[in-house]
Amino acid sequence: MKNRLKVLRAMRDWSQQDLADRLEVSRQSVNAIETGRYDPSLPLAFRIADVFEMPIEEIFERD
Amino acid sequence: MTATEKPGFTRTVPFWAGLTFGTFGAVMGLALTDAINATTTMIMMIVPAALFFQTMRAAGRRAACSGRGEAQRLYVKRVAIFASLYLVVIALQVSLLDDGEASLAVRAGLSIMPGLAICGVFWAIGRLIVEEKDEFIRTLIIRQTLIATGFALASATIWGFLEAGEVVPHIPAYWFAVAFFLGQFFGAISNRITHGSWGAL
């Protein structure tokens, strides 16, 4: 699954740690999701959408 | 380092781990060569046990600095307790069973304790999986544990058949717990390669 996490984070000038703090996960989690090594669960994907105030489908897309 | 911490207690994890294993080896060496008796061994085992606690405290501090959660701090604490218990009971077992005069009940009691202490570490891993709130870290721990379990079971099975065929010598079954911990190391490497992170164990 592809995602725009890195771009959206850069637009807000957030570090991986900033985003991790907002999502209440580890920085490794954010890094793994950004690099496509880990696909988040649906609840975490919704939390990501809430943090960026965007619909899930604008953040994640199918391969 | 906080202002209240003593500089001497802020050394790295490898430093404390090296001291722990060094002193443990020295005490066991003295016990096995009958240079010291059982009581002295027990008293001297306090040193590696205390050093092991310090190792785990250093690991806990590093975990806290790297932003790890409460579940991992609890895990470190539990492993420290069971590993210290293991060091003490293994010394007790070696010292008291050495003369071969202990009764069956004493031998059974002393022999089951190191195994139970190691089971405590397995329990701590299980609790970490249950309590870890970060789903990615939890995935890594489960992955690492599955690899370790597979490695230990595969080792036991293959060794068992080789032993039956008289190709290899007999080894005590507790070595497969050692294979499990070696498997955790392989699991961590696998996590690093596939997910870019070592994991939490």
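Buried area is the accessible area, taken with a 1.4 Å probe, that two parts lose on being put together, summed over both. The legends below describe a predicted model.

**Figure 1. The interface of chain A and chain B.** The two chains bury about 860 Å² between them. Carbon and sulfur atoms account for 47% of that area. Ten residues of chain A take part in the contact, with nine residues from chain B. On the chain A side, Gln28(A), Arg37(A) and Tyr38(A) supply 62% of the area buried against chain B.

**Figure 2. Polar and charged features between chain A and chain B.** Four residue pairs are in polar contact across the two chains, both residues at pLDDT 80 or more. Salt bridges across this interface number zero. Helix H3 of chain A, residues 27-34, gives the most to the side that touches chain B, with three residues. By class, that side of chain A has five nonpolar, four polar and one charged residues.

**Figure 3. Packing of helices H5 and H7 in chain B.** Helix H5 of chain B spans residues 104-131, and helix H7 of chain B spans residues 175-195. They pack at an angle of about 35°. Their axes lie 11 Å apart. The crossing of H5(B) and H7(B) is left-handed. H5(B) brings Ile118(B), Val121(B), Phe122(B) and Ile125(B) to the contact. H7(B) brings Ala177(B), Phe180(B), Phe181(B) and Gln184(B). Of the residues in this contact, seven are nonpolar, one is polar and none is charged.

Figure 4. The side chains of Glu34(A) and Arg9(A) meet in a salt bridge. The N to O distance is 2.4 Å. Glu34(A) belongs to helix H3 of chain A, while Arg9(A) sits in helix H1, residues 5-11. The pair links distant parts of the chain, 25 residues apart. Over all chains, the whole structure holds four salt bridges.

Notes:
Residues are numbered from 1 along each chain as its sequence is written. Chains are lettered from A and ligands numbered from 1 in the order in which they are written. This is a predicted model: local features need pLDDT of at least 70, side-chain atom pairs count only at pLDDT 80 or more; totals for chains, interfaces and linings use all residues. Side-chain values use heavy atoms; hydrogens and water are left out. Contact means heavy atoms within 4.5 Å. A polar contact is a pair of N or O atoms within 3.5 Å; within protein, one must be able to donate a hydrogen and the other to accept it, and residues adjacent in sequence count only if both atoms are side-chain atoms. Helices (H or I, at least four residues) and strands (E, at least two) are DSSP runs, numbered from the N terminus. Ala, Val, Leu, Ile, Met, Phe, Trp, Tyr, Cys and Pro count as nonpolar, Asp, Glu, Lys and Arg as charged, and the others, Gly among them, as polar. Axes are lines fitted to C-alpha atoms, for helices over the stretch in contact, and angles run from 0 to 180 degrees between N-to-C directions. A crossing is left-handed if the near helix is turned anticlockwise from the far one by less than a right angle, and right-handed if clockwise.
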